[in-house]
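Hi,

Here is the model I promised to pass on.

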Amino acid sequence: MRIGELSERTGVSRRMLRYYEEQELIASRRCANGYRDYPEPCVDRVQQVRGLLDAGLSTQTIRRILPCLGPPGRIDIPNPTPETIALLELECARMSERIDRLARNRAAMTAYLAEVRKAAPAEPAEPAA
């Protein structure tokens, strides 16, 4: 499939798909006319990459763990190295820290919103029909 179709199917911009390719997160082959041609499994791969980026992983880290990711929901690490284990443990710890920060920020925002609502003027009552 061409880059436009991959973009439509994944919701990821063409520019970002080119970046993923530059970072060796996805691969395409070039047609005779120079257009990129992506295989069907790229749809799942782009979604995996997007999810890992959203989780806060760097493209460098993602590139290292991509060979371990099969189809969605399957992880295949036949002989994990101590470095791979350490990398995954580090990323899990970083995610936990981000989750804790987000939870604290959400609690603060919820408290702030409650105070703002208390201070807001009351809505005028609807006139009776």
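**Pocket and helix packing**

Helix 5 makes the biggest contribution to the lining of the largest pocket, with four residues. Keep in mind that this is a predicted model, where local features need pLDDT of at least 70, side-chain atom pairs count only at pLDDT 80 or more, and totals for chains, interfaces and linings use all residues. Residues are numbered from 1 along each chain as its sequence is written, and side-chain values use heavy atoms, with hydrogens and water left out.

The pocket itself holds about 220 Å³ of space (an open set of points on a 1 Å grid over the protein atoms alone, where a 1.4 Å probe fits, with protein on both sides within 12 Å along at least five of seven lines; lining residues have an atom within 4 Å of a point). Its lining has 14 residues, and Leu52, Leu57, Ile65, Leu69 and Leu88 are the closest to the centre. Helix 3 (42-54), helix 4 (59-65) and helix 5 (82-119) supply at least two lining residues each; helices here are DSSP runs (H or I) of at least four residues, numbered from the N terminus. By class, the lining has 11 nonpolar residues, two polar and one charged (Ala, Val, Leu, Ile, Met, Phe, Trp, Tyr, Cys and Pro are nonpolar, Asp, Glu, Lys and Arg charged, the others, Gly among them, polar).

Helix 3 also meets helix 1: Leu6, Arg9 and Thr10 in helix 1 contact Cys42, Val43, Val46 and Gln47 in helix 3 (heavy atoms within 4.5 Å). That contact has four nonpolar, two polar and one charged residues.

Cheers

Terms used
Points joined across faces, edges and corners; volume = space filled by probe spheres on them.
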